[in-house]
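Biologist: I should like to learn how to read this structure. Could we take its features one at a time?

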Amino acid sequence: MTRRFAVAMLTAAVLLVLVPSAGDAAPDRVDLIPPLAGRVVVVDPGHQLGNHNFPGRIHRLVPAGGFRKPCNMTGTATNGGYPEASLTWDVALRLREQLRALGATVLLTRHGNRQDEWGPCVDARGRAGNLERADLKLSIHADGSFARGAHGFHVIMPPDRRPWTHDIYQASRRLALVTREALVERGLHRATYVAGGVGLDVRRDLGTLNLSDVPTVMVELGNMRDRGDAAMMTRPGGRAHYARALGLAVRRFLDDR
């Protein structure tokens, strides 16, 4: 048998194995299920661009978890005037796009970033996602400290406080730790001026955390008054980087639930 003839015979045998006959049934179609299909995530972009135009409305007191606080605040800004509300809105939209691509349902606590709008109040933000039994809520903010050298992010979690946050304390703590880990892994620095520099703070005075029935944390992405943090916050690439880090945190938290 010549070498050419042997190769031809082997090729024919392979084709007979790989090519199904006309009577063979077609293989079943396999649909890929997105990794976050069925998950519900609340994203809370802090403040609203027009809050400062409605002082009477944002200063009225609302329930905040056993006490009352002003409905909302104006938020801070960079020294160049870039508002916190615009930062949080842009990061929230980028995060929503990522999570939707992974199959998640994403609920925003506000639906625009406009000078002629205000709120919602902290009690509404705190309850967002409760009826929908969301898997988690991520509230996005930035700080405005004038302390010398103050820069970096920190994650705020609720305390174990009956009857308000006892039911979500453990899961919220895990979400806070996962979020901090993801931000550090993406090259972001822990705050130098809050909670001893560990990047994790506990606060009992925030209605957004106190009124939640789902695992919840608030992330201060950085200090808008710091030149380095502000440079990142004002660049589209920088805001995309924040969103990717938060998306990583959400994915890891939900992967373990």
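Biologist: What pLDDT does the chain average?

Modeller: pLDDT is the predictor's confidence in each residue, from 0 to 100. The chain averages a pLDDT of 91, and 88% of the residues score at least 70. This is a predicted model, in which local features need pLDDT of at least 70 and side-chain atom pairs count only at pLDDT 80 or more, while totals for chains, interfaces and linings use all residues. Residues are numbered from 1 along each chain as its sequence is written, and side-chain values use heavy atoms, with hydrogens and water left out.

Biologist: Over which residues does pLDDT stay under 50?

Modeller: Where pLDDT is low, the predicted coordinates should not be read in detail. Here pLDDT stays under 50 over residues 1–26. For that stretch the model has one contact (heavy atoms within 4.5 Å) beyond four places in sequence.

Biologist: In what order do the strands of the open sheet lie?

Modeller: Strands (E, at least two residues) and helices (H or I, at least four) are DSSP runs, numbered from the N terminus. Two strands pair if DSSP finds at least two bridges between them. In this model six strands form an open sheet with mixed pairing, in the order E4-E1-E5-E8-E6-E7. E4 (105–108) and E7 (200–202) are the edge strands, each pairing on one side only. E5 (residues 136–143) and E8 (residues 216–223) run parallel and are joined by six bridges; in one of the pairings, Leu 138 has Val 217 of E8 as its bridge partner.

Biologist: At what angle do the axes of H3 and H8 cross?

Modeller: Two packed helices are described by the angle between their axes and the distance between the axes. Axes are lines fitted to C-alpha atoms, for helices over the stretch in contact, and angles run from 0 to 180 degrees between N-to-C directions. The axes of H3 (residues 84–101) and H8 (residues 236–255) cross at roughly 50 degrees and come within 8 Å. That makes H3 oblique to H8, where angles under 35 degrees count as roughly parallel, over 145 as roughly antiparallel, 65 to 115 as roughly perpendicular and the rest as oblique. The contact includes Leu 87 and Val 91 of H3, and Ala 243 and Val 250 of H8.

Biologist: How far apart are the axes of H5 and H8?

Modeller: The axes of H5 (residues 169–185) and H8 are 8 Å apart, and the helices pack at an angle of about 140 degrees. H5 is therefore oblique to H8.
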